[in-house]
Amino acid sequence: MTSPEPANANASDAAAAKEPTQLRVLSGIQPTGRFHWGNYFGAIRQYIDLQHAGDAYYFIADLHALTTVREPEVLRSFVREAALDLVALGLDPKRATLFVQSDVPEVTELTWLLLTVTPMGLLERCHAYKEKKAKGLPADAGLFTYPVLMAADILAYDANTVPVGDDQVQHVEVCRDLAGTFNHLYGEVFTLPKARVIETAARVPGTDGQKMSKSYDNTIQVFEEPGKLKKKVMRITTDSRPMEAPKDPETDHLFELYRLMASAEETAAMAETYRRGGFGYGEIKKALHAAAEQFFAEARTRREALAADPATIDGILEEGAARAREQATRVLDRARAACGLSRGRGDR
Ligand code: TYM
């Protein structure tokens with residue numbers, strides 16, 4: 001079994017790993033509720049791996065969350081929970097810069113510069129807006145222009161690598177488009193980023209087999225309360241093929257989830273069970289439940305300790321915001337100068 005790594009691992013390995021690769025990693029995650037397995041396996045696990053490979057910037061996307069969370073106290077609490085979750089899961093503030101999106105106002109200014117080169121048609125094709133419109137739901141300009149804010153998030157840190165799940169790839173492509181257009185008009189201002197997706201976790205299934213997502217009400221949270229975890233796992237939908245029939249593990253979402261948490265040997269043994277047939281799905285669910293409990297056990301313990309010490313998280317976010325602003329200001333100044341605005345704060 002592999003599990004999330006502890007924070008504060010040896011920082012000198014990171015320094016050694018930085019030089020040759022020159023990775024500049026950036027990703028964001030919305031505080032619209034507690035993180036689920038899709039967030040963890042699709043994105044957060046990559047954040048943690050990549051903090052060893054280069055400069056990494058990770059943020060809690062509260063400005064994006066404003067398009068759905070309308071209660072101030074709820075938003076504030078989700079932001080805190082998000083920071084706790086990320087650090088407990090192994091994001092190490094000594095290796096990576098962790099901050100809250102709205103603490104870097106330079107990004108909203110950069111959003112405006114990018115909006116002036118954004119074709120309407122490009123945004124009309126973006127899926128979050130398109131889906132809402134197709135359902136006949138009212139969409140606001142915040143949701144419509146959401147990919148441009150996301151582009152500014154990425155470009156403000158000169159990021160070249162953006163670890164995400166499948167559903168965000170389109171947005172990273174939009175970011176590349178806008179950066180390319182801006183560079184074409186004004187010179188080489190922005191670094192063109194690439195999405196980084198882990199194939200086996202690009203689209204983690206939920207309890208009903210569709211993509212795990214809060215909007216489908218099919219999530220299992222990373223720090224699910226133990227009783228609830230068991231209930232949710234036991235309720236994962238399964239097909240109605242007879243118990244004796246051999247089954248192809250590759251097409252089964254229960255297996256897909258198990259594979260994310262089990263070791264290679266356990267996964268191979270489970271695949272064999274599927275191919276042999278003659279098992280009940282209840283058995284598989286019990287194995288998944290045990291694997292999930294064990295996988296997140298250490299992180300759960302770390303989270304409890306962190307939650308009891310709020311000053312630590314405050315300090316991490318404050319320091320992170322200062323580092324992030326420094327970097328974003330450099331890029332914003334470059335962009336302002338390139339398009340004919342005064343150079344930046346010092347110049348006005
Ligand atoms: P968000 O908050 O919806 O999701 C956070 C990350 O989790 C991934 N994810 C999944 N991956 C695999 N399977 C799933 N079922 C699954 N569900 C969610 C998402 O792909 C994402 O990587 N717009 C972004 C936040 C953002 C951002 C950015 C990301 C704002 N600015 C700049 C990267 C760079 C979002 O809403 O992600």
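I'm working on a predicted model, where local features need pLDDT of at least 70, side-chain atom pairs count only at pLDDT 80 or more, and totals for chains, interfaces and linings use all residues. Residues are numbered from 1 along each chain as its sequence is written, and side-chain values use heavy atoms, with hydrogens and water left out.

Next I checked the rings. I found 16 aromatic pairs in the structure (Phe, Tyr and Trp rings, the six-membered one for Trp, with centres within 6.5 Å; planes under 30 degrees apart are stacked, over 60 edge-to-face, the rest tilted). Phe295 and Phe296 have ring centres 4.9 Å apart and planes at 80°, so I logged the pair as edge-to-face. Ring pairs also join Phe295 and Phe296 with Tyr40 and Phe41 in a cluster.

Then I went to the helices (DSSP runs of H or I, at least four residues, numbered from the N terminus). I have α2 (residues 37-50) packing on α13 (residues 281-307) at about 60°, axes 14 Å apart (lines fitted to C-alpha atoms over the stretch in contact, angles from 0 to 180 degrees between N-to-C directions).

Which residues meet? I see Trp37, Tyr40 and Phe41 in α2 against Leu288, Ala292, Phe295 and Phe296 in α13 (heavy atoms within 4.5 Å).

Technical notes. Helices (H or I, at least four residues) and strands (E, at least two) are DSSP runs, numbered from the N terminus.
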